[in-house]
Amino acid sequence: EMCCDLKRRFLLLYATQRGQAKAIAEEIWQQAGTHGLEADMHCISETDKYNLETEKDPVVIVISTTGTGDPPDAAREFVKKIQDTTLPPDHFAHLQYGLLGLGDSEYTFFCNGGKTVDRRLQALGAQHFYGTGLADDCVGLELVVDPWIDGLWLALEKVFLLQKEKEVMSNSAASSSLSAAPHVGHELSSEVQNLKLEDERVRSSDVPTQKPVDVHLVASTRDTEPSLVHSVPPVSQSALNIPALPPEYIEVEFQDAHGENPHLSSLISGGTTFEVPVTKAIQLSREDAIKTALLLELDIANTVFDYQPGDAFCVICPNNVNEVEELLRILGLSEKGEYFVCIKVKQGTKKKGAAHPQHIPERSTLKFILTWCLEIRAIPKKAFLRALVECTSDAGEKRRLQELCSRQGASDYTRFIRDSNVCLLDLLHAFPSCKPSLNLLIEHLPKLQARSYSVSSSNLYQPGKLWFLFNIVEFPACPARPVSRKGVCTGWLAELVAPLLHPNNNTLDTKGGSSLTEKISIFARPNNTFHLPADPSVPFMMVGPGTGISPFIGFLQHRQKLREEHTDWEFGETWLFFGCRHQDRDYLFKDELRCFLENGTLTHLKVCFSRDSSTAEVAPPKYVQDVIRLYAMKETGYFYVCGDKKHMADGVSDAVVDILSMEMEVDKLEAMKILAMLREAKRYLQDVWS
């Protein structure tokens, strides 16, 4: 009776912003059962359900990162609690944990949510029983997540064995029957050996492997090349490890077609939404530019919406009408779009903690859910593909979907689904025998997120108005997707404001005649750092190629107004580095920048054009990071970088490191440390989007 098994439980905490960390925690919870372990799973914010101060079992934490490096909203309180500096360094000395952080290396503070928690737990004496995993959404979370989960079971088994060993030792000491102890110790070490083998076995038997289905395809040249719908050896001939089928947990009940849909403001948790008219729309790029840049003006005069230059705000946008119609058609529900649906959790579902999805209203029409609540453009996760296998009747299509969600088909998934930006509609067109039920969509499609934009104006300069700038996002057609598409929000806005875009209306100072009758819903998303220096005498440099110039127009408008109102103040120098492709096609705000220069608001303007050919003997620099290298940095100033993609932001920080090392006469490593200090001191600030 000495070796009676302890209850093998571990605590599983997740903190999620968009549902990824929760989905991964659910996967761990599900797999735990097959390993004979019990995962006690909670959101990290549910502090009434667990207590780390007294936790004796191992703890597994899955945490994502939001914004430019903050922990998710759900973890804010938790992080605040563990950052309390009065806690002693052995506060969590009893705790053993393993942590999986999610992030996106497009952003400077990669996986910062996880790293913050990890660092604090270490500082408070907690021990790792398993190495920290940092997964990168930029290349595919599963590249780190899958192996991390695979290795977790052996690490947990070792913890439980040690617990058992301690238990045995203390028991044997208590009963002083020492003769039994060596024998037990021997048993345990052979148990570790068996575990290793057993673990391999469990892993390979996760799912009965599927025998390849023989699909008679006409041999042709295209058969040698894999595609979304077609595989080649070795994948096509492999036995597959596919994920377990996620349990269904939603029931959809159709009601009548009478009633009102909820107000859009009810879709946003916390914070106030404002309905505001678009009063002006101007295309800032020329027709032949590669990207189309639009500037919109919103009238916020009759609202309490307030902002500072440098802030961002969110636009609540719908999915494309035609795509919603097409989805209804494929689901065979075209007639039912205007019917109200009621969504319930399926009785007796196997899904742990199954709950009514928070982003789906209690009662609304089917069309409302597909238009305003679900991200129908989301790249389908492997669990979704696994569920779609069950709704597919054609054997060949079924096998290909199995391959795409299998471990053996991981690189096909990355290439043909993830990197090709494939969405559910693309899949349903590519696999016509796949007919999913409505509940699957509600279970697997994430919440339709509001889209965030930088403000490009100053409330001081033009009270009651808000400007913002964006490129219309284009997803070109590709083999996996025969049609080209526009971004969900930018495509919708462009269509919405088309009536305002008159060719003769292309200057910013026209008193735009008609505004649209339709309004758009927005809400504030203030940031606490990307603002003008509090002291106006401090010099600052702004780097904003392309639409990255957006917040700096607001900075300069604000600055101009301050200079007019406070003639006795001392104002520091201002630098702006702007870059675009062609001087005459996409030089945004050209006239405004000239005015800012002429009236002294802007001290230096440095511009470069990456696609214009030059006849000069020494070719001028092409990119902002090349221009920056030509100038010294102002020692005491602030440095702002805004724009898209890590290529630009990383290029700029590399250039800054080079300048610092030259100016300070230090080596590169030392210069990188100085840059890190500037970031830390909030003097090197970024507003970067992917």
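What does the protein chain average in pLDDT, and what share of the residues score at least 70? I began with this, and I found that the chain averages a pLDDT (the predictor's confidence in each residue, from 0 to 100) of 85, while 87% of the residues score at least 70. I then noted that residues 1-6 fall below 50, although this stretch still has 10 contacts (heavy atoms within 4.5 Å) beyond near neighbours in sequence. Residues 176-222 are also below 50, and there I noted 51 contacts of that kind in the model.

Before going on I wrote down the ground rules: this is a predicted model, in which local features need pLDDT of at least 70 and side-chain atom pairs count only at pLDDT 80 or more, whereas totals for chains, interfaces and linings use all residues. Residues are numbered from 1 along each chain as its sequence is written, and side-chain values use heavy atoms, with hydrogens and water left out.

**Entry: a sheet and its helix**

I looked up an open sheet of three strands, in the order β7-β11-β12 with antiparallel pairing; strands (E, at least two residues) and helices (H or I, at least four residues) are DSSP runs numbered from the N terminus, and two strands pair if DSSP finds at least two bridges between them. β7 and β12 (363-365) stand at the edges with a single partner strand each, so one side of each has no neighbour in the sheet. On average, neighbouring strands here are turned by 35° against each other, direction ignored. Between β7 and β11 (residues 340-345) I found five bridges in the antiparallel sense, and Ile-250 has Val-345 in β11 as its bridge partner. Helix α7 (residues 366-373) packs on this sheet, touching β7, β11 and β12, and its direction makes about 90° with that of β12; such angles run from 0 to 180 degrees between N-to-C directions, with axes as lines fitted to C-alpha atoms, for helices over the stretch in contact.

**Entry: helix α9**

Is helix α9 (residues 395-405) mostly covered or mostly open? I found that nine of its 11 residues are buried, where buried means under 20% relative accessible area, exposed over 50% and partly exposed in between (1.4 Å probe, protein chains only). Among the buried ones are Arg-399, Leu-401 and Cys-405, and the buried residues pack against α8 (382-389) and α10 (410-418). At the start of α9, a side-chain oxygen of Asp-394 comes to within 3.0 Å of the backbone nitrogen of Gly-396.

Most residues other than glycine have a negative phi, and most peptide bonds are trans. I therefore marked Asn-421, a partly exposed residue at 31% relative accessible area, whose phi is positive at about 55°; Asn-421 is in the loop between α10 and α11 (424-430). Glu-665 also has a positive phi, near 55°, and lies in the loop between α17 (646-663) and α18 (668-680), where Glu-665 is exposed at 73%. The peptide bond from Pro-233 to Pro-234 is cis, with omega near 0°, and Pro-234 sits in the loop between α5 (180-204) and β7 (250-254).

Which residues does His-582 contact, leaving aside its neighbours within four places in sequence? I found Tyr-587, Phe-609, Arg-611 and Asp-612; His-582 is buried at 11% relative accessible area, in the loop between β19 (574-580) and α15 (590-598). Asn-528, by contrast, is exposed at 73% and is found in the loop between β17 (519-525) and β18 (540-543).

Technical notes: Polar contact = N/O pair within 3.5 Å; in protein donor to acceptor, adjacent residues only side chain to side chain.
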